[in-house]
Amino acid sequence: MTKIMEKDFGCSNPQIVKYCEQIFTPEDSVLKEIRERSHKEGLPMIQVGKMDNLHIEVLTRLCGAKKAVEIGTLGGYSGVNILRGMGQGGRLWTFEYHEKHASVAKESFKKAGFESQVKILLGRALENLPKIEKEGPFDLVFIDADKQSYPAYLKWAEKNLKIGGVILGDNTFGFGKIADKTNEEEITALQKFNKTLAESDRFLSTILPTGEGLTVAVKTK
Ligand SMILES: C[S@@+](CC[C@H](N)C(=O)[O-])C[C@H]1O[C@@H](n2cnc3c(N)ncnc32)[C@H](O)[C@@H]1O
């Protein structure tokens, strides 16, 4: 079988990457099956990397989240780890535009034992997000969909997160272009997302040097 494309961990030394993966074992048989089935079903291999997914689970647990929102479901790979991080009683609302991706994710959540704790909202996230506002305030919002909408997702998250709630934004190194002067819509949106968080007096924020950059922000007021 050909090797399925995987995203890098933010460390350029292959020996250290191997060491980390051996010691921390970020991907068990459930996650491996999701990644392989997603590939077989023809989904793009753009889920978070193995170690990034472990970061997401640990961060979810660290902030004690019980109500989480994920924007960008794909095959359910990161969604399962958010649910694992929340443990019993956790609930996830996850937003996906493509029906095919959502159906693969549905199977993933079922296989991982989380069927009753997750709701997949099909369609454009910006149109569907208002539908769950009555369930808030939320403890965690993970943003991992269309990059040009990151500033709008941030606005929604700021309004609907509890104080102490956390935003995770993936791909915030802008595919290597975040520091560039550019007119590319996706990159300027990611730059706006990072800058807004960095300068906000309602968030304490940082950016973790994962392979693709993971912005982490906690709402302080
Ligand atoms: C990078 S993938 C998500 C990966 C997933 N978080 C994981 O790591 O397992 C982005 C997903 O967002 C979906 N998407 C893109 N634009 C969207 C939109 N406007 N509303 C909802 N979903 C969208 C794509 O179809 C794709 O499945």
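Start by selecting Asp144 together with the ligand: a polar side-chain atom of Asp144 lies 2.8 Å from a nitrogen atom of the ligand, which is a polar contact, that is, a pair of N or O atoms within 3.5 Å. Before going on, note that this is a predicted model, in which local features need pLDDT of at least 70 and side-chain atom pairs count only at pLDDT 80 or more, while totals for chains, interfaces and linings use all residues. Residues are numbered from 1 along each chain as its sequence is written, and side-chain values use heavy atoms, with hydrogens and water left out.

Next, select His101, where an N or O atom of the side chain is 2.8 Å from an oxygen atom of the ligand, and then Val48, where a polar backbone atom is 2.9 Å from an oxygen atom of the ligand. How much of the ligand does the protein bury? Taken alone the ligand exposes 600 Å², and the protein buries 91% of that (accessible areas come from the Shrake-Rupley method with a 1.4 Å probe).

Then move to the aromatic rings, of which the whole structure holds 3 pairs, a pair being rings whose centres lie within 6.5 Å, with planes under 30 degrees apart called stacked, over 60 edge-to-face and the rest tilted. Select Trp93 and Phe138: their ring centres are 5.3 Å apart and their planes stand at 75°, so this pair is edge-to-face. Trp93 belongs to strand E2 and Phe138 to strand E4 (residues 138–143), 45 residues apart.

Finally, visit two backbone features. Gly136 and Pro137 are joined by a cis peptide bond with omega about 0°, and Pro137 is in the loop between helix H6 (125–128) and E4. Asn171, although not a glycine, has a positive phi of about 70°.

Terms used:
Polar contact = N/O pair within 3.5 Å; in protein donor to acceptor, adjacent residues only side chain to side chain. Phe/Tyr/Trp six-rings, centres within 6.5 Å; stacked < 30°, edge-to-face > 60°. Helix = DSSP H or I, 4+ residues; strand = E, 2+ residues; numbered from the N terminus.
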